[in-house]
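Hi everyone, thanks for making time.

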Amino acid sequence: MTLEFAMEMLHYPSISSLLPKFSSIKYLRRRRKRLSVGLRGKLYNGTKKGVASFSVMNNASEGGEADTAVVVQTPSTKPRRFEVLSGYPTPFGASSRDGGVNFVVSSSNATSVTLCLMGISDLPECGLVIENLTFQKRVTEEIAFDPLTNRTGDVWHVFVKGDLEDMVYGYKFGGRFSPEDGLYFDSSKILIDPYAKGVVSRGEYGALGHKGDCWPQMACLVPSANNEFDWEGDLPLKLPQRDLFIYEMHVRGFTNHESSNSKFPGTYLGVVEKLDHLENIGVNCIELMPCHEFNELEYYSYNPVQGDYKMNFWGYSTINFFTPMARYSFTGLGNHGLGAVNEFKYLVREAHKRGIEVIMDVVFNHTAEGNENGPTLSFRGLDNLVFYMTAPKGEYYNYSGCGNTLNCNHPIVRQFILDCLRYWATEMHIDGFRFDLASILTRSSSLWDAVNVYGTATEGETLTTGTPLNSPPLIDMISNDPILHGVKLIAEAWDCGGLYQVGMFPHWGIWSEWNGKYRDVVRQFIKGTDGFSGAFAECICGSPNLYQEGGRKPWNSINFVCAHDGFTLADLVTYNEKHNLANGEDNKDGENHNNSWNCGQEGEFASISVKNLRRRQMRNFFLCLMVSQGVPMIYMGDEYGHTKGGNNNTYCHDNHINYFRWDKMEEASSDFFRFSRLLTKFRHECESLGLNDFPTADRLQWHGHASGMPDWSDRSRFVAFTLIDSVKGELYVAFNSSHRAVMVALPERPGYQWEPLVDTGKTAPFDFLSPDLPERDIAIRQYAHFLNSNLYPMLSYSSVILLLSPIENI
């Protein structure tokens with residue numbers, strides 16, 4: 001894909017228009033070199049159209065509209081003029097309509113609101129001089145809201161007509177600054193509109209603002225009626241959830257390593273370049289780690305251990321929930337921030353063309369503003385008591401572990417969250433959402449009472465802030481919203497305040513869960529811990545012990561062994577302890593209870609026998625995922641065995657630790673990568689490995705070392721079962737997590753004989769006997785004397801899949 005072709009697909013008028021109209025010198029030089037676009041004539045200041053500083057005075061008429069007087073403070077040949085009217089109280093945010101823009105924001109405690117309009121070139125770079133052009137940080141226009149004509153209830157609104165080209169906006173809120181009362185109004189700060197559909201700030205990932213500023217001024221995109229994206233008829237795929245294979249991935253980390261050879265490294269376009277890889281391994285759903293606008297420089301500090309700088313790499317610290325992360329786009333701030341929006345849409349559209357759904361990891365539990373020591377960017381300065389859970393003396397409840405907790409079940413906040421989900425589902429064509437620390441969404445809000453929620457009082461109701469609710473209003477609204485009907489909803493059913501709801505999350509019959517119990521049980525059983533055979537069998541069946549009684553199905557369980565948070569699959573079998581020194585926190589951060597096993601030696605440098613056992617264990621984990629009822633999910637890089645060196649908390653590393661290593665994937669193409677790809681394909685081919693309901697005895701039978709005699713004792717480390725499949729006939733699957741080899745007696749099937757397909761105890765390529773494998777027949781005949789006696793030998797720590805074939809076919 002050429003750059004010109006990609007831009008044409010994204011509907012940019014020309015490559016020259018991609019050049020951001022403001023940036024650092026470093027950023028401009030880099031873009032000039034890459035795009036062959038000169039600076040002269042492409043940059044402008046706030047006087048492009050003769051803009052000067054204005055003050056706007058409103059005189060409200062009895063009809064509710066405002067007469068406007070524009071006072072020019074600095075002479076200009078072509079002053080901008082704005083017609084300011086009372087506006088409409090809905091919808092929230094900035095909306096292009098009737099030849100102007102309607103601005104709406106809600107604040108119940110502010111005493112004044114001012115709309116700040118800025119020329120895009122005036123925004124971030126104070127004092128930069130480029131080719132005799134000086135950028136000034138200034139507000140081009142300030143439009144004060146009249147409380148009589150520009151306010152309906154707690155909603156402030158204004159309608160502006162005029163020349164809004166190349167403009168961005170923000171708000172100033174006046175009121176009392178009293179942190180002990182939970183009030184943080186400061187009319188000197190320009191804040192982001194929570195409903196903004198685009199946020200403009202720095203253009204290049206990791207580049208500091210002027211004078212090393214990590215938090216330069218941010219502003220919101222003024223919408224335009226002319227912004228169109230050609231979806232080419234794209235519609236939601238609506239894949240049955242039971243058929244999904246989810247791939248958790250990081251947009252930047254997927255293609256930013258030099259071995260990706262990407263033309264657009266670390267971007268949405270880079271992911272599009274590599275969609276063929278995902279198709280090749282059978283992925284039909286990608287779960288994007290946070291792509292809402294966040295500040296990767298939030299943790300910026302020198303890390304002497306790594307010799308680089310710490311970043312907020314994962315992105316679980318949202319600034320604006322309606323905006324795709326601008327610095328994940330190749331164009332950065334091109335087209336005034338619309339470049340990122342269109343590139344994200346392009347990714348979704350191209351994924352859908354390949355039959356791949358896109359799920360977003362959303363963080364509606366806290367924001368980047370943190371506690372009282374954090375920056376005031378939007379929510380805090382707009383209406384702190386509404387948006388955050390606060391205690392009587394203004395302290396922040398911290399159920400998120402990140403300094404603040406979003407007040408999710410407050411009426412204003414839950415409507416905000418619902419509007420955001422609707423936007424991404426309709427405007428961005430997102431197929432589903434995974435809710436980070438979703439248990440916070442079930443907690444009661446600050447000032448919780450029946451009047452707050454239902455409009456009337458209930459006698460005797462006394463709920464403390466943060467109390468878990470059986471029927472949380474927010475979850476009710478999302479679950480029963482007609483626009484979100486059919487959108488996939490996945491909960492991370494726990495939070496950092498100790499609330500653990502796996503199997504118990506309020507679900508309305510449609511919510512799925514990251515099954516953390518599946519992860520823990522499978523890790524324990526596969527590594528050979530006593531007492532987990534029965535629980536392991538429950539995991540294989542889709543965890544009916546968790547989901548059946550509440551009316552849910554196996555596909556409500558998102559099965560995973562590894563995710564972004566914790567050990568990778570390769571590290572799970574390489575390290576007993578976390579090795580997080582690279583984080584610069586003296587190895588004190590990260591999870592201490594990993595249920596991992598290094599197979600006998602700690603670290604990557606180990607004997608041949610230990611390394612062979614590790615590869616066997618990796619295959620065992622992957623096979624378990626593929627034969628379990630429910631929805632399998634793997635983490636980016638686990639398909640080839642990516643290692644993070646034993647670091648189980650890599651939130652701060654923008655480097656090879658978190659980057660997908662395409663060179664390593666190529667090295668593993670004949671080993672684990674081949675195995676994982678073939679096993680995923682096998683799962684898709686089987687009708688019985690993605691059932692719509694929990695398997696019963698007429699389809700599934702349990703076995704032990706002897707046929708039909710399972711061992712559920714505390715000391716059992718062997719689980720086997722047969723499963724009737726309408727496509728493959730019948731499968732025999734067995735797991736031996738003992739340190740001893742065993743001889744298994746297979747179930748008798750007159751006229752048929754069992755034939756090996758997968759044996760993790762074998763070395764590649766004989767671990768998976770695919771039909772195109774040379775010497776496949778020889779490999780099968782080597783076991784003919786066992787199979788003729790209805791026996792099969794299994795090594796220690798191994799698993800197998802056998803298929804039933806008519807004797808005449810063998």
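**Rings, a helix and a sheet**

Okay, let's start with R443, which lies over the face of Y399, 3.8 Å from the ring centre. By "over" I mean that NZ of Lys or CZ of Arg is within 6 Å of the ring centre and within 35 degrees of the ring normal. R380 lies over the face of Y184 too, at 5.4 Å from the ring centre.

Quick housekeeping. This is a predicted model, where local features need pLDDT of at least 70 and side-chain atom pairs count only at pLDDT 80 or more, while totals for chains, interfaces and linings use all residues. Residues are numbered from 1 along each chain as its sequence is written, and side-chain values use heavy atoms, with hydrogens and water left out.

Now, rings with rings. Rings of Phe, Tyr and Trp (its six-membered ring) pair if their centres lie within 6.5 Å; planes under 30 degrees apart are stacked, over 60 edge-to-face, and the rest tilted. How many aromatic pairs does that rule give? The count comes to 56. Take Y195 and F416: their ring centres are 5.3 Å apart and the planes sit at 80°, so this pair is edge-to-face. Y195 is in the loop between β14 (183–184) and β15 (199–200) and F416 is in helix α8 (residues 411–426), so the pair ties together parts 221 residues apart in sequence. Helices (H or I, at least four residues) and strands (E, at least two) are DSSP runs, by the way, numbered from the N terminus.

Are Y195 and F416 buried or exposed? Both are buried, meaning under 20% relative accessible area with a 1.4 Å probe, protein chains only (exposed is over 50%, partly exposed in between).

For a stacked pair, go to F672 and F675: 6.3 Å centre to centre, 25° between the planes. Both lie in helix α17 (residues 672–685), three residues apart, about one turn of the helix. F672 counts as buried at 5% relative accessibility, and F675 is buried at 0%.

Last stop, an open sheet of five strands, ordered β29-β30-β31-β35-β33, with antiparallel pairing. Two strands pair if DSSP finds at least two bridges between them. β29 (700–703) and β33 (752–759) stand at the edges with a single partner strand each, so one side of each has no neighbour in the sheet. Inside it, six bridges join β31 (residues 729–736) to the antiparallel β35 (residues 798–806). The bridge partner of A734 in β35 is V800.
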